[in-house]
Amino acid sequence: MLTEFGKIFVFLLVAIIFVAVSIFIAKLIRPVRPTKEKLKTYECGENPVGTPWIKFNIRFYVVALIFLIFDVEVVLLFPWALSYKEYGFYGFLVGIIFLVILAVGMAYEWRKGDLEWARPKPNIPYLKKIIKNQTGEINQLQSEESKIE
Amino acid sequence: MDLTNLYYSLRLILPEVIVSVALLIIVIADLILHRDKKSIPYIALTGMLAALAFMITDLAQQGFAFIPSKSQHMFGMVAVDAFGTFFKILIIISSVFIVFFSNSSLEIQKVSDRIGEYYTLIYGMILGMMFMISASDLILIYLSIELLSLSSYVLAGFTKLRDRNSEASLKYIIYGAVSSGIMLFGISILYGISGTTNLMALNKFFQSPELNLLTLSFSLILIFAGIGYKISAAPFHFWTPDVYEGAPIAITAYLSVASKAAGFALLIRFIRTSFVAVVDAQGNWILFDFFDWRSLLIIISILTMTLGNFSALWQNNLKRMLAYSSIAHAGYILLGLAVLSVHGLIAIMVYFLIYLLMNLGAFFIVMLIADKSGSENIDDYSGLGYTSPLLGVALSIFLISLTGIPPTAGFIAKLYLFIALVDANMIAVAVIALLNTVVSLYYYVRVLKHMYLTKPSASTSSVRAVGINYAVVLILTIPVILFGLYFTPILEFVKNCISILSI
Amino acid sequence: MIEVGLTHFLIVSSALFSFGIYGIITRKNAVMVLMGIELILNAANINFVAFSRYLNLGLSGQVAALFVIILAAAEAAIALAIVLNIYKTFDHVNVDEIEKLKE
C-alpha cells in the first residue's frame with residue numbers, strides 16, 4: 001500500500017518517464033537535416049545568446065497578453081461544461097452570455113488591429129515631412145510635442 | 001437554480017444589468033464608429049440615466065438575489081436594499097457629473113481617439129462599485145473590489161501625457177494589488193475558520209461561543225486592511241496623494257467621491273450584517289465583543305483626519321491639497337461609523353450626499369483653471385477672484401463648505417455628525433474632530449487669500465468657460481447653498497434609505 | 001510515514017504568503033514586486049482549496065480559487081501593461097526611484 005508521499009513519488013516518476021520516452025521516440029523517427037539556424041536554441045526568432053535586456057519587438061508582448069487573458073477565461077467554462085446538464089437550458093443561456101461577452105472582447109482586439117503582427121497604421125507621415133522640408137517641419141514637430149508635454 | 005429564481009434575481013439587480021449592457025454597447029459602438037466618436041459620451045450618459053431612473057423607481061425594493069439552490073439558509077450573494085440603492089444613486093449621479101467633467105477636460109480631449117476605452121473603463125468602475133455596495137458574500141466583495149480597482153488603475157494613467165500619469169498608475173496598482181491580495185488571504189483564512197463566505201452566515205457563526213480568537217482577529221485584520229485601503233484610512237492612505245495628483249483631474253474627482261463611497265458602503269454593510277449581535281430600541285448596534293470595535297474605529301478615524309489635515313497644510317499643489325483633504329473627510333465619515341448606531345448611519349449618509357456635491361465642485365473648478373493655466377499650483381490662483389469672478393466665488397463656496405462653515409451644506413453635514421457623536425456620549429472625540437476642522441480652515445482659507453487678497457500676477461489667467469461649464473458649476477453650487485439653508489428634504493430622503501438587509 | 005493533512009497545506013500557504021510579503025518589501029524591480037503579489041494570491045488559493053477539501057465544505061472553495069486564478073491573470077496583464085508604460089517613460093522599472101510626485 002502506498003502512502004500519500006508514495007503517490008506523489010509515482011506521479012513524479014511517471015512524469016519523468018513520459019517526457020524521456022517521448023523525447024527519445026521523437027529522436028528516433030524525425031528526419032535530421034541540421035542547418036546553422038536550426039541548431040540554435042529556439043527563442044521566437046530572437047538571438048538566444050547575449051544580454052537579456054535587449055529591446056525586442058513589442059508585439060510579442062501584446063500577443064502574450066491577449067493569449068493570457070483568453071487562455072485563463074476558458075477556466076470558467078470547465079465548471080459550466082460539467083454542470084450545465086443539471087441546470088438545463090438556462091444554465092446554457094448563462095454560459096452563452098459569458099461567451100458573447102468574450103466574443104465582444106475578441107472583436108475589439110481584432111478591430112483595433114492587435115491580432116495582426118504588423119499594426120495597420122504605422123507612423124510614416126512624420127518621416128516624409130522631415131525629408132521634404134527639413135528646418136520648418138522639424139520645428140513644427142517639436143512644437144507639437146512640447147504642447148503635449 | 002430554476003427559472004423563476006433567476007428572473008427574480010435579475011429583476012432585483014436590474015440597474016447592474018443595465019450598466020453591463022451599456023458597457024457592451026459602448027464597446028460595440030466604439031468598434032463601429034471607428035472615425036467619429038463624438039456620440040460615445042451621449043451613449044454613456046443615456047446608460048447612466050436609465051440605471052438612475054430604474055433605481056429611483058425601485059427605491060423601496062429589497063431582497064436577496066442569487067440564493068444558492070442547495071443552501072440551508074435563504075441568504076443570497078447580493079443583498080438589494082434601500083441603503084445600497086442610496087449609495088448606488090450617489091455613484092450614478094457622480095458618474096453623470098464625470099461625463100460632463102471629461103467632456104470639458106483638456107486632458108481627456110487630447111486622447112479623444114481613445115474615448116471609447118475611457119468610457120468602457122468608467123463603466124467597469126461603476127459596475128464594480130455597484131456590486132461592492134450590495135455584495136453580501138466575501139468572494140463577491142473581492143471580485144467587485146478587483147473589478148473597480150483594475151479599471152481605475154488604467155484610468156489613473158490613461159492620458160499618458162506626462163510622467164506623473166504613469167507614476168500614479170504604477171503606485172496605484174502596486175499598493176492596490178498588495179492590499180487586495182492581503183485581503184484575499186484574510187478571506188481564505190476566515191473561510192477556513194467559519195466554513196462560509198456569506199456575511200449573514202458569518203453572523204450566525206460568530207454567535208457560537210467557541211471561537212479561536214487569535215486566528216479570527218488575524219483574518220479580520222487582513223480583511224479590514226483591504227477595505228481600509230479602498231477608503232484610504234490612516235495606515236493605508238499613502239497611495240492617495242500621489243495617485244490623486246498624478247491622475248487626470250476628472251478621474252481624481254471620481255476616485256475621491258464614488259470609489260470612496262463604495263468602500264464605505266461595503267465597510268458599513270460588512271460591519272452591520274456580520275458583526276452586529278443585536279440592535280436595541282434606540283437603534284444602537286451591539287457588536288460581538290471579540291474586538292473593542294468602537295475604540296479601534298475612533299483611533300483609526302482620528303489618525304486619518306489628523307494626518308490628512310496636517311499634511312494638507314503645506315501643500316502648494318491644489319490637487320494634492322484636495323487629496324489630503326479627502327483623506328481628512330474619510331476620517332470624519334469613519335467617526336460617524338464609530339458611533340455604531342442608526343444615528344451615525346444617518347449622519348454618514350447625509351455627509352456623503354453633501355461631500356459629493358462640494359468635492360466634485362471643487363475639483364471641477366480646479367480642472368477648469370488648470371486647463372487654462374497649465375498647472376494646479378496655488379501661485380496661479382493669485383487674484384483669480386478678480387480676473388474670473390464667477391469661478392472664484394464658486395470655488396470659495398465649495399471650499400467654505402468643505403471646511404464646514406454656515407450657511408453652506410458642509411456645515412449641515414458636520415452638524416449631524418457632531419450631534420450623533422454627542423448623543424453617543426463621545427464628547428472628547430467630538431472636540432478633537434472640531435479642532436481638526438479648525439486646522440482645516442487654515443489651508444482652505446489660504447486658497448481664498450490667494451484668490452482675493454493677492455494682486456493678480458502675470459501667470460494668473462482669466463478663465464472664461466463655455467456655457468455648459470457654467471451650467472455644471474451652477475448645478476453644483478446651488479444645492480451646496482440651498483441645502484445649507486433648507487436641509488429637510490435630504491434628511492427625509494436619507495431616513496427613507498437606512499434599512500440594511502440583515503438577519 | 002506521515003499522512004498529508006490540512007496542516008501541511010497551511011504551512012505551504014503561509015510560507016508562500018510570507019515569501020510574497022518579503023519579496024514585495026525587499027525588491028526594487030516592479031516586476032519582482034508583481035511576482036510577490038502573485039505568490040500571495042496563490043497562497044490564498046491553496047488555503048481555499050485545502051479548506052474546502054479537508055473540512056468538507058463542498059465545492060465553494062474550489063470555485064473561489066478558480067475566480068482568483070482568473071483575477072490574478074487579469075491583474076498581471078494590467079500590471080505588466082502599466083510597467084511597460086513606466087519603462088517607456090522612465091527607462092527603468094525601479095519602484096524606489098520613481099518619485100516625481102513627491103514634493
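Predicted model: local features only at pLDDT ≥ 70, side-chain atom pairs only at ≥ 80, totals over all residues.

1. Let's begin with helix α3 of chain B, residues 40–57. Its 18 residues, at 1.5 Å a residue, should span 26 Å, and the end C-alpha atoms are 26 Å apart, so expectation and model agree.

2. Which residues of α3(B) are buried? They are B:Ile40, B:Ala44, B:Gly47, B:Met48, B:Ala51 and B:Met55. These residues cover an arc of only 95° around the axis, so they sit on the same side of α3(B).

3. The other side of α3(B) carries exposed residues: B:Tyr42, B:Thr46, B:Leu49, B:Ile56 and B:Thr57. As for the buried residues of α3(B), their cover includes α2 (14–32), α4 (82–104) and α6 (115–134) of chain B.

4. Turning to chains B and C, the contact involves 33 residues of chain C and 31 residues of chain B. On the chain C side, α1 (6–26), α2 (30–54) and α3 (60–90) each supply at least two residues, and α3(C) gives the most, with 15 residues. By class, that side of chain C has 26 nonpolar, five polar and two charged residues.

5. Chains A and C also touch, with twelve residues from chain A and twelve residues from chain C. On the chain A side, α1 (4–29) and α3 (58–73) each supply at least two residues; α3(A) gives the most, with six residues. Nine nonpolar, one polar and two charged residues make up that side of chain A.

Note on methods. Residues numbered from 1 in each chain as written. Chains lettered and ligands numbered in written order. Contact = placed C-beta atoms within 7 Å. Helix = DSSP H or I, 4+ residues; strand = E, 2+ residues; numbered from the N terminus. Nonpolar A, V, L, I, M, F, W, Y, C, P; charged D, E, K, R; others polar. Expected span 1.5 Å × (residues − 1). Buried ≥ 20, exposed ≤ 12 C-beta atoms within 10 Å, placed from the backbone. Arc of directions from axis to C-beta.
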